[in-house]
Amino acid sequence: MTQELDKVLYTAQVHTTGGRDGASRSSDGKLDVQLSAPGGNGAGTNPEQLFAAGYSACFIGALKAVATRQKVSLPPDVAVDAEVDLGPVGQAFGIAVRMTVHLPGMDGAQARQLVDDAHQVCPYSNATRGNIPVTLNVA
């Protein structure tokens, strides 16, 4: 089911040339990266690394939003380790995501609940839900 946005808060604009062996540049110039294929000898990053960075950063934002709503203090050194797998799915290709959320000093049950609640509000989680495997671990 496709959900329409109630309101557009921000639009990212990126121009990419050359595919996996090319380059991407944002309209404001803040992103300007060379791309290369995963596991290759190229000097650039790859789309899977960019996805891992985007998803993990967004997930921390969701953790902060949920913690604020629930009046819970997040540890200052909250961190997410994200892994994005690329592989064949029949005749096509797909990705799978594993993220380990580090909430040092937080009670285990409270940390798990916070991660589960953040997974419900994170835009990346909502975009991927039901489309790719996403595993969330709490460290």
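A residue is called buried when its relative accessible area is under 20%, exposed when over 50%, and partly exposed in between, as judged with a 1.4 Å probe on protein chains only. The structure described here is a predicted model, in which local features need pLDDT of at least 70 and side-chain atom pairs count only at pLDDT 80 or more, whereas totals for chains, interfaces and linings use all residues. Residues are numbered from 1 along each chain as its sequence is written, and side-chain values use heavy atoms, with hydrogens and water left out.

The protein chain has three helices and six strands, taken as DSSP runs numbered from the N terminus (helices H or I, at least four residues; strands E, at least two), and along the sequence these elements follow the pattern β-β-β-α-β-β-α-α-β. The C-alpha trace spans about 45 × 35 × 35 Å along its principal axes, and 29% of the 139 residues count as buried.

Helix α1 (residues 47–70) packs with helix α2 (residues 108–121) at an angle of about 110°, their axes lying 8 Å apart; the axes are lines fitted to C-alpha atoms over the stretch in contact, and angles run from 0 to 180 degrees between N-to-C directions. The two helices are therefore roughly perpendicular to each other, a term that covers angles of 65 to 115 degrees. In this pairing, residues of α1 including Tyr 55, Phe 59, Leu 63 and Val 66 meet residues of α2 that include Leu 114, Val 115 and Ala 118, where contact means heavy atoms within 4.5 Å. The residues of this contact divide into ten nonpolar, two polar and two charged, with Ala, Val, Leu, Ile, Met, Phe, Trp, Tyr, Cys and Pro counted as nonpolar, Asp, Glu, Lys and Arg as charged, and the others, Gly among them, as polar.

Lys 71, found in the loop between α1 and β4, has a positive phi of about 55° although it is not a glycine. Most residues other than glycine have a negative phi. Lys 71 is exposed, with a relative accessible area of 74%.

Methods
Parallel < 35°, antiparallel > 145°, perpendicular 65-115°, else oblique.
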